[in-house]
Amino acid sequence: MEFVDLRAQYRHIGARVDARIRRVMEHQRFILGPEVGELEEQLAARVGARHCVSCASGTDALLLAFLALGVGAGEDAGPDEVITTPFTFFATGEMITLAGARPVFVDIEPVGYNLDPEKIEAAITPRTKAILPVSLYGQPSEMDAINAIADRHGLAVIEDAAQSFGAVYRGRHSGNLSTIGCTSFFPSKPLGCYGDGGACFMNDDALAGTMRELRNHGQSGRYRHTRIGINGRLDTLQAAVLLAKLEFFDEELTARAEIADRYTALLKDAVRTPRLLPERTSAWAQYTIEVEDREAVEAAMKDAGIPTAVHYPVPLHLQPVYSELAREMGWRRGSFPVAERAAERVLSLPMHPYLRPEEIERVAAAVTHSVQRSAFSVQKSG
Ligand SMILES: Cc1ncc(COP(=O)(O)O)c(C=O)c1O
């Protein structure tokens with residue numbers, strides 16, 4: 001069994017992907033070829049944004065957002081600050097730091113694992129420039145509350161929608177819930193390409209123009225460089241793959257939701273299963289349970305031949321690279337207890353749209369069995 005079975009997907013959609021790739025091989029316009037524009041139009045229409053600027057990865061999407069908004073090293077007063085969650089993939093914090101700004105961590109909500117809006121305002125300082133909620137595992141954060149706080153303080157909101165493309169929050173699409181939405185097309189993401197890829201969404205025309213220049217060496221015209229940018233373009237071949245995959249995406253999202261429901265029905269009495277907050281859907285990038293004795297459960301799952309993953313074992317404020325920042329900010333173990341508890345307990349199970357019913361049942365049975373076994377051994381040793 002695979003954690004994400006891209007071969008099974010390819011068996012289903014391969015003919016469309018091959019046809020799209022062949023077209024690129026015929027025209028040979030590998031950099032910003034026609035598929036890139038076509039994809040951007042389709043993606044923008046899908047999320048209802050005025051603009052989609054595709055780029056080379058979800059990581060670049062975040063960096064481009066900071067560059068375009070001018071969030072960085074700041075002036076004499078010190079670096080700009082970006083409020084974000086410590087319970088995320090490293091790129092979220094990494095790009096804040098790479099842009100020259102400072103990540104300021106705020107704890108998460110226990111349901112949904114996203115930035116807790118109740119705790120944001122206390123972290124705002126005169127240097128705060130943006131709030132960066134992450135729609136973890138595919139579920140959007142409490143975006144209306146976060147946008148309201150940002151409006152009150154004149155801040156931008158950047159949604160890290162790397163895991164949530166396809167999710168809906170109060171009738172609006174993830175990626176188009178804030179000033180800028182950033183997503184990833186990493187192969188294992190709900191909408192993934194066959195390499196690296198990403199995109200930003202926004203409704204402001206000037207911001208979109210700036211981002212288009214930034215992702216292509218700050219060029220406003222050929223060899224006319226008006227900004228310091230990056231080589232952050234999405235390959236034409238990856239755009240072609242995504243155009244083919246988009247044809248199946250709604251079907252796949254439905255399958256993911258059905259698989260999540262089935263897992264929950266089978267597991268809810270054995271472990272803490274994921275919950276959705278009201279008025280939203282998840283893209284189910286991950287199906288993540290919580291268990292007491294994770295190491296034992298992981299080992300038992302491995303013995304049963306079922307892959308699992310931990311997203312993510314170490315919250316950002318406890319990462320070695322942030323030790324100096326943590327000292328400066330007074331962060332230590334215990335500073336963000338909800339994130340830290342989640343990091344110790346979460347375990348993601350195989351999740352992709354082509355999981356078969358018997359596979360789901362096998363995974364659920366193995367989880368139930370291993371949880372019971374680890375509880376038994378705890379009882380015995382206690
Ligand atoms: C929350 C989050 N942010 C950012 C990224 C970075 O995306 P990419 O791998 O496309 O650079 C990822 C994906 O890996 C992610 O999960």
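A: Arg-170 is partly exposed, at 35% relative accessibility (buried means under 20% relative accessible area, exposed over 50%, partly exposed in between, with a 1.4 Å probe and protein chains only). This is a predicted model: local features need pLDDT of at least 70, side-chain atom pairs count only at pLDDT 80 or more, and totals for chains, interfaces and linings use all residues. Residues are numbered from 1 along each chain as its sequence is written, and side-chain values use heavy atoms, with hydrogens and water left out.

Arg-170 and Asp-144 form a salt bridge, 2.9 Å from N to O (a side-chain nitrogen of Lys or Arg within 4 Å of a carboxyl oxygen of Asp or Glu). The two sit in distant parts of the chain, 26 residues apart. Asp-144 belongs to helix H5 (residues 143–153), and Arg-170 to the loop between strand S6 (168–169) and strand S7 (172–173). Helices (H or I, at least four residues) and strands (E, at least two) are DSSP runs, numbered from the N terminus. Asp-144 is partly exposed, with a relative accessible area of 28%.

Asp-144 also bridges to Arg-172, with the closest N and O atoms 3.2 Å apart. That pair links strand S7 to helix H5, 28 residues apart. Arg-172 is partly exposed too, at 32% relative accessibility.

Arg-170 has another partner: Glu-279, at 3.2 Å, N to O. Glu-279 lies in the loop between helix H7 (236–267) and strand S12 (287–290), so this bridge ties together parts 109 residues apart in sequence. Glu-279 is exposed, at 51% relative accessibility.

The structure holds 24 salt bridges.
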